[in-house]
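Below is a briefing on selected strands, helices and side-chain pairs. Please keep the structure open while reading.

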Amino acid sequence: MSENDKIALIVTGSIAAIKTLPLIDELRGAGRDVSVILTRAPQEWDWVKVDELKDATGNPVLTEDDSTAAKEKTILAAGTVLVVPASADFISQFVHESTPLACALLSALRKGRDFFFAPAMNVWMWGHPATQRNCAAAEGAGVKIIGPACGHMACGDEGYGRMADVKEIAEAIAASQEGRPHQALSYYDDAKKDPRGVIPVRPDDGRVLVVLAGETMPWPSVKELVNDLSRTGIAADYVLDPNWTKHKDELEALINEKCMVNGQECQTREESVVYYKHFQDPDLEGMEHIKIPESKRLLFFPFIDDELAVRMLQGRGGTLCLDMYLASKAPIVTTAECLRHLAPFTAASLRKDGMETIDHVGRLVCLNAHPRSPGSQPH
Ligand SMILES: Cc1cc2nc3c(=O)[nH]c(=O)nc-3n(C[C@H](O)[C@H](O)[C@H](O)COP(=O)(O)O)c2cc1C
């Protein structure tokens, strides 16, 4: 067995992780020895089972519970390192060296290990400028990117983002290492030419999703915001970032307060939903990650601090708010005032990545495909 036949397989947080066992079959069938390292998401979501991976590989499986030193040892013992599937979040961690596992991988890359990533994500995450920058940076650092392929996605969209077929991935790795061409080795060139192919969809259901996220800022006073939104007549739902989950009751109380507009009770607040359970909500099986961006609702970020802005620009996922920022097919909006509080370069970069601005929440209604006048009742 050559050095390259020893493989460290890093399985990250895309639902395509359900294809890990068939991938291992392909690799082992080609005479490779595979050791798996799982990140948190695929294990937590039960997309793959540690015992099955142990049986399939005949090797120990490392998870979030294991030390970085143990993972480093496994990675350095391998000649070939695969990140399959490679989630948008994980590619970002890697190129920004922002987690211990990412640091261990980069050090192995610098020591000359042969690296392959197979990205897998929805069309909109793939097409996000931040994801495109991250893949280009990974490729520039020496990673070979296999895919993504174009096709029908689990969420119903059509486009680039689907993980390449596992047989093709295994064949493409062998071809690359033997210096032969393989069609899957050129998928990335196609996928980066026209990553999104479509422009943000103007929502027409008159709802806006207010994303209350701030990495380090204290909980802001949202009373004025909730009142202003009620007055616009636009129906608002809310998403709370994990560090603000404790303010859920306070937010719901504000939303449920009766609001009068032109002497009439405003219905908007009663209809509102507060999403706060994020990643681990067993009832919703995590499908908000797909359904909310799918619903084409405007995403309104009324507060953005420098830390959140950096995460957005780095294309990080990992919380519902950040995953939605990457995956939204409707425009993402903030206020001009919010951007004024950020460093000018940060604000300009967010705008360049597609962030739209309004000068007052009342303007949100104008961003819908069929705007209603401020103050009118929702249909
Ligand atoms: C049901 C579900 C499916 C998801 N599918 C993908 C996906 O295909 N690609 C992706 O990049 N992120 C996907 N996500 C989001 C990631 O799991 C999330 O960003 C996670 O933090 C990534 O973890 P990692 O950094 O360990 O890869 C999905 C989330 C859920 C709940």
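Arg-207, Leu-209 and Val-211 point one way from strand E8, Val-208, Val-210 and Leu-212 point the other way, and all are buried. Buried means under 20% relative accessible area, exposed means over 50%, and partly exposed lies in between (1.4 Å probe, protein chains only). This is a predicted model: local features need pLDDT of at least 70, side-chain atom pairs count only at pLDDT 80 or more, and totals for chains, interfaces and linings use all residues. Residues are numbered from 1 along each chain as its sequence is written, and side-chain values use heavy atoms, with hydrogens and water left out.

- E8 spans residues 207-212 and is mostly covered, with six of its six residues buried.
- Helices (H or I, at least four residues) and strands (E, at least two) are DSSP runs, numbered from the N terminus.
- E8 runs parallel to strand E9 (residues 235-240), and six bridges join the two. Strands pair if DSSP finds at least two bridges between them.
- Leu-212 has Leu-240 in E9 as its bridge partner.
- E8 also pairs with strand E13 (residues 298-301), in the parallel sense, over three bridges. Here Val-210 stands opposite Phe-300.
- E8, helix H11 (residues 223-232) and E9 make a right-handed β-α-β unit. Right-handed means that, with the strands pointing away from the viewer, the path from the first strand over the helix to the second runs clockwise.

**Helix H12**

- In H12 (residues 248-256), the buried residues are Lys-248, Leu-251, Leu-254 and Ile-255. They cover an arc of only 130 degrees around the axis, so they sit on the same side of H12. The arc is taken from the directions from the helix axis to the C-beta atoms.
- E8, H11, E9 and strand E12 (274-275) are among the parts that cover these residues. Contact means heavy atoms within 4.5 Å.
- Lys-248 and Glu-252 meet in a salt bridge (3.4 Å, N to O). A salt bridge needs a side-chain nitrogen of Lys or Arg within 4 Å of a carboxyl oxygen of Asp or Glu.
- The two residues are four apart in H12, so about one helical turn separates them.
- Lys-248 is buried at 15% relative accessibility, while Glu-252 is partly exposed at 26%.

**Other salt bridges**

- The structure holds 18 salt bridges.
- Arg-40 and Glu-44 form one, with the closest N and O atoms 2.9 Å apart. They are four residues apart in helix H2 (residues 40-44), so about one helical turn separates them.
- Arg-40 is partly exposed at 33%, and Glu-44 is partly exposed at 41%.
- Asp-353 and Arg-133 form another, with the closest N and O atoms 2.7 Å apart. Asp-353 lies in the loop between helix H17 (344-352) and strand E15 (356-358) and Arg-133 in helix H8 (residues 129-140), so the pair ties together parts 220 residues apart in sequence.
- Asp-353 is buried at 11%, whereas Arg-133 is partly exposed at 37%.

**Aromatic pairs**

- The structure holds six aromatic pairs. Rings of Phe, Tyr and Trp (its six-membered ring) pair if their centres lie within 6.5 Å; planes under 30 degrees apart count as stacked, over 60 as edge-to-face and the rest as tilted.
- The Trp-126 and Tyr-188 ring centres are 6.1 Å apart with planes at 75 degrees, so the pair is edge-to-face.
- Trp-126 is buried at 0% relative accessibility, and Tyr-188 is buried at 2%.
- Phe-94, Phe-115 and Phe-117 form one aromatic cluster.
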